[in-house]
Amino acid sequence: MNNVYKLHVRLIKIGLQNDPVSLRRLLLSFAAAAPASLPHARSVFARVPFPDTFAYNTLIRAHAHSSPSHSVSLFSAMRRDGVSPDNFTFPFVLKACARLHIGHDAHALIIKLGLGSDIYVQNGLISLYGSLGSVAGAFDVFDEMLERDLVSWSSMISCFANNNFGYEALGLFQDMQLVGNLKADEVTMLSVISAVSSLGALELGKWVDAYISRTGLKRTVSLGTALIDMYSRCGSVDDSIKIFNAIPVKNVLTWTVLINGLAVHGRSEEALKVFHEMKNAGLKPDHITFNGVLVACSHGGLVDDGWRVFESIKSDYGMEPTVEHYGCIVDLLGRAGLLNKAFELVDTMPIKPNAVIWRTLLGACVKHNDLKLSEKAKVKIHELDPNHDGDYVLLSNVYGQVGRWDEKANVRNSMREKKVGKKPGYSFLNEGDMVHEFVSGDDFHPKSNEIKRFLISIIDDLRLDGYTLFTCNALHDVEDEEKEQSLSFHSEKLAVAFALLRFKDRRTIRVIKNLRICYDCHCFMKHVSNKFDREIVVRDRNQFHHFSKGSCSCKDY
């Protein structure tokens, strides 16, 4: 920065502050020193009498990453001044628009100006469409390209991955490898890893890991951290630990990702140990790190440890706890059955509690059958978020658990009157490049009848070992047989039955579910893991459950 200012002072002293060639050099120096230099750069630019395309491009480029709104404003000024944009203008304008999630009309302007076939502009359009969620728009641009470079492929793979088209991202990555002169770089592989993480496909994750090793791609901090997260989200936190131990350089995010992984896999004490190791390594935890540690304490019932960590946020690090941190500590107290203490904390917290915190309290009240506090929490939630289906279901369940069937029916009727639909539960499992999806109570799968017959036979066998369907959350006026049938065909049960039919080897059964696993299905998984001597991993909305020999990693907590 000092050199830039010195250059500017020297130009003023020798009277060249308005010389076009000297100004170019000065603007380029400002761009190289961004973002610290940007306010001064704008001040200098404002005094340029007739800025040309190069001058505008330089400033637009300098602002595109750290101050995208200024890039867009500069482009608008460029158009007003009648200065013609060129193929060097749009890549950075499009980058700024992508960061701001604006620019739906940019493509039409580019075509109008005759720049639609420039590879750098096309690459920018792919990224823009991806940021706007228009996968079809991005692929149309990609498909029409006469020439593609590594950025083209990486941008399209990233577009698929960021918009939940994981298999399409991986398919395109495989297509890219058939193009002989292209070799994936770190940016490409980060998008590929993201796609695998979203799918939770462990075997694909191991293939990607092996590909990185085989091609000699350097395991940077970013790449290593992404692999740690990928293995965790694919259900193998032990592989996450191996990657972590093999990375020579680790930053705060690397440690945080491992802590989060251990937390959601029910390995709370290990997560706490890693947190202390991180502090001993001289790294300062951030808000996200504390969130992961508090989740670990909550899932493991480590109440005293959780309180100490929570209090240290302010006392040791001078940071104010966020609403997420309060949510974690409320969850910690609620899971431990300290409901009054949890309510007291919410009533006195300096930040206004949001619907998520009250929802956490409601879930804890349901778990501990506290109807009075459940109703209080539901009133608060109704004020903040009246149409969330899960709240009605939770309150309905607590009425069922204490046998108040009229109130339970009223809650369900209220849902119908307010047209609040209950989100259907679905689960899926991966088999190679194939996804098998199962919807609760539906005949979605082509082998549905066979799966249901087998599932019923499994349940009949498990009854002999003490398994009983937990039917109190079903409506009172429904026959017992109907209640049992409803519970029997929950999506994760269908997925496990299919896996037992399909996979005759000893592989771990890995199921991903969109909602939290219910109490009955949790009991079912424990019994199946013991009866069939199979390991089952269920990734639900909140955490991973590792079932083995009749027990779960969450310790039923």
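1. Helices here are DSSP runs of H or I, at least four residues long, numbered from the N terminus. With that settled, G301 is a handy place to start: this glycine follows α18 and has a positive phi, near 70°. Keep in mind throughout that this is a predicted model.

2. Some bookkeeping on the whole chain. The secondary structure comes to 29 helices and 6 strands. Of the 557 residues, 50% count as buried. Looking at contacts with a separation of 6 or more, 62% come from residues 24 or more positions apart.

3. Back to α18 itself. The helix has 14 residues, and its first and last C-alphas are 20 Å apart, close to the 20 Å expected at 1.5 Å a residue. At its start, a side-chain oxygen of D286 comes to within 3.1 Å of the backbone nitrogen of I288. The buried residues of α18 are T289, F290, G292, V293, L294, A296, C297, S298 and H299. Their cover includes α16 (252-264), α17 (268-280), α19 and α20.

4. What kind of ring pair do F290 and Y317 form? Their centres sit 5.5 Å apart and their planes meet at 65°, so the pair is edge-to-face. The two residues come from distant parts of the chain: F290 belongs to α18 (residues 287-300), while Y317 is in the loop between α19 (303-315) and α20 (323-335), 27 residues away. In total, the structure holds 17 aromatic pairs.

5. Next, α8 (residues 119-131). Its 13 residues span 19 Å from first C-alpha to last, close to the 18 Å expected at 1.5 Å a residue. How much of α8 is buried? The count is 10 of the 13 residues, so the helix is largely enclosed by the rest of the structure. Those buried are I119, V121, Q122, N123, G124, L125, I126, L128, Y129 and G130. They pack against α6 (90-100), α7 (106-112), α9 (135-144) and α10 (150-162).

6. Both ends of α8 have something to show. D118 caps the N-terminal end, with a side-chain oxygen 3.0 Å from the backbone nitrogen of Y120. Just after the helix, G133 takes a positive phi of about 80°.

7. At 5% relative accessible area, N123 is buried, since the cut-off is under 20%. Its side chain has a polar contact with the side chain of S152, at 2.6 Å. Leaving out residues up to four places away in sequence, N123 touches M145, D149, V151, S152 and S155.

8. On the nonpolar side, the largest core has 116 residues, and F90, L94, M156, M189, I193, I212 and V330 touch the most other members. Take M156: beyond its neighbours within four places in sequence, it is in contact with I126, V135, A138, F139, F142 and L172. Another core lies apart from that one, with 31 residues, including A497, V511, I517 and F547. As background, nonpolar side chains tend to be buried together in soluble globular proteins.

9. F139, F142, W153, F160 and F165 are linked by ring pairs into a cluster. R148 lies over the face of F142, 4.1 Å from the ring centre. R148 also lies over the face of W153, in that case at 5.6 Å from the ring centre.

10. Setting aside neighbours within four places in sequence, N430 is in contact with Y167, L199, G200, A201, V435 and I512.

11. Last, F544, which is in strand β5 (residues 544-548). Is F544 buried or exposed? With a relative accessible area of 7%, F544 is buried. F544 and L262 are 282 residues apart in sequence, yet their C-alphas are 9.8 Å apart in space. Not counting residues up to four places away in sequence, F544 touches S232, R233, C234, G235, V264, H265, V537, V538, R539 and S553.

Definitions and conventions: Residues numbered from 1 in each chain as written. Heavy atoms only, no water. Core = buried A, V, L, I, M, F, W, Y, C linked by side-chain atoms within 4.5 Å. Buried < 20%, exposed > 50% of the residue type's maximum accessible area, 1.4 Å probe, protein only. Contact = heavy atoms within 4.5 Å. Expected span 1.5 Å × (residues − 1). Polar contact = N/O pair within 3.5 Å; in protein donor to acceptor, adjacent residues only side chain to side chain. Phe/Tyr/Trp six-rings, centres within 6.5 Å; stacked < 30°, edge-to-face > 60°. Lys NZ or Arg CZ within 6 Å of the ring centre and 35° of its normal.
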